[in-house]
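Here is a short report on one protein model. Keep the sequence and the 3D view side by side as you read.

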Amino acid sequence: MTPDQYCQAKTAKSGSSFYYSFLFLPMPRRRAITALYAFCREVDDVADECKDVVIAHAKLAWWRDEIGRLYAGHPEHPVGQALAPLVKEFGLPAAEFDEIIAGMEMDLNCNRY
């Protein structure tokens with residue numbers, strides 16, 4: 001499975017109406033938004049599905065590291081690999097990915113206590 005196929009499957013599995021709206025975009029933008037949405041789903045799944053807050057924070061820290069690897073040119077996860085050519089093409093700043101992760105961390109902190 002290629003990184004793009006992984007992202008496609010991740011977004012389709014979500015059952016969101018967003019996925020279907022992506023189908024109307026031109027292919028370069030569709031690839032970009034699908035990869036970005038797959039990233040959002042990955043970190044949101046950590047916040048939603050991980051019952052142990054310590055493990056959830058560790059997984060989100062891993063994603064923060066993955067963003068660092070992405071911008072250093074060697075992502076490990078299929079989502080990071082799919083995003084790699086797109087961050088420059090579409091000018092996606094690392095800080096925005098960090099904000100998404102920070103939002104999930106806040107969700108963990110608010111909903112667990």
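Which residues in helix 4 are buried? They are V53, A56, L60, W63, E66, I67, R69 and L70. Bear in mind that this is a predicted model.

**Helix 4 from end to end**

Helix 4 covers residues 53–72. At its start, a side-chain oxygen of D52 comes to within 2.9 Å of the backbone nitrogen of V54. Just after the helix, G73 has a positive phi of about 95 degrees.

Two packed helices are described by the angle and the distance between their axes. Here is that pair of values.

| Helices | Axis distance | Crossing angle |
|---|---|---|
| Helix 3 (residues 27–49) and helix 4 (residues 53–72) | within 9 Å | roughly 155 degrees |

Angles over 145 degrees count as roughly antiparallel. Helix 3 and helix 4 are therefore roughly antiparallel to each other. Which residues meet? From helix 3 come F39, E42, V43 and V46; from helix 4 come A56, K59, L60, W63 and I67. By class, this contact has seven nonpolar, two charged and no polar residues.

**A residue in helix 1**

T11 sits in helix 1, which runs over residues 3–14. Is T11 buried or exposed? T11 has a relative accessible area of 0%, so T11 is buried. Beyond its neighbours within four places in sequence, T11 is in contact with Y19, T34, Y37 and A38.

How values were computed
Residues numbered from 1 in each chain as written. Predicted model: local features only at pLDDT ≥ 70, side-chain atom pairs only at ≥ 80, totals over all residues. Heavy atoms only, no water. Helix = DSSP H or I, 4+ residues; strand = E, 2+ residues; numbered from the N terminus. Buried < 20%, exposed > 50% of the residue type's maximum accessible area, 1.4 Å probe, protein only. Contact = heavy atoms within 4.5 Å. Axes fitted to C-alpha atoms, helices over the stretch in contact; angles between N-to-C directions. Parallel < 35°, antiparallel > 145°, perpendicular 65-115°, else oblique. Nonpolar A, V, L, I, M, F, W, Y, C, P; charged D, E, K, R; others polar. Polar contact = N/O pair within 3.5 Å; in protein donor to acceptor, adjacent residues only side chain to side chain.
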